[in-house]
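Have the sequence and the model in view as you read.

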Amino acid sequence: GKSLMMALSQDLSQNRPAEAREHVRRFHELFFSLSPQKEAISHNIDRALQLADKSAYHYYVDFAEKGYYNRIISANINQSIRVDSVACDFNSYPYEVVTYARLSIIREKSVTERSLVTRGRLLNSTRSDNNPHGFILEAFRVVENRDIRVYDR
């Protein structure tokens with residue numbers, strides 16, 4: 001009872017750094033984890049886009065126009081992401097954020113590992129079922145997306 005009351009009485013701002021990192025991590029998981037099913041891709045992208053502004057939408061449109069998602073589906077490729085770290089600067093608002101991650105592109109006969117670094121800013125937003133942490137990722141951009149290694153399965 002006492003620990004619950006103590007947890008409920010804590011200032012919400014104490015958790016904002018952890019919530020910010022989790023918001024960014026969740027966006028990346030939804031946006032970059034892809035399976036070769038059109039419905040699954042659409043579902044995850046739709047959920048990711050609720051966590052970001054139009055900058056992420058522009059990346060989605062660009063990938064779609066270049067046939068990236070169609071190639072994922074037709075070649076039966078799975079793509080997964082492992083977020084290594086999320087660095088947020090809370091000294092100025094909006095909060096600058098840099099994400100370091102590894103992408104694994106899993107094909108029938110090989111796996112490609114890529115280094116992914118993204119940047120953006122976090123704005124405080126209203127919490128909702130679709131955005132439980134109460135942030136919007138704005139000015140999202142990929143600053144590095146390079147192959148690290150390719151190996152046979």
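At what angle do helix H2 (residues 16–32) and helix H3 (residues 38–49) pack, and how far apart are their axes? The angle is about 150°, and the axes lie 7 Å apart. That makes H2 roughly antiparallel to H3 (angles over 145 degrees count as such). Axes are lines fitted to C-alpha atoms over the stretch in contact, and angles run from 0 to 180 degrees between N-to-C directions.

This is a predicted model: local features need pLDDT of at least 70, side-chain atom pairs count only at pLDDT 80 or more, and totals for chains, interfaces and linings use all residues. Residues are numbered from 1 along each chain, and side-chain values use heavy atoms, without hydrogens and water.

On the H2 side, the contact (heavy atoms within 4.5 Å) is made by Arg26, Phe27, Leu30 and Phe31. H3 brings Asn44, Ile45, Arg47, Ala48 and Leu49.

The largest pocket has a volume of about 150 Å³. A pocket is an open set of points on a 1 Å grid where a 1.4 Å probe fits, with protein on both sides within 12 Å along at least five of seven lines; lining residues have an atom within 4 Å of a point. The volume is the space filled by probe spheres set on the points. Lys38, Ile41, Ser42, Tyr60, Ala64, Tyr69, Asn70 and Ile73 line this pocket.

How values were computed:
Helices (H or I, at least four residues) and strands (E, at least two) are DSSP runs, numbered from the N terminus. Angles under 35 degrees count as roughly parallel, over 145 as roughly antiparallel, 65 to 115 as roughly perpendicular and the rest as oblique.
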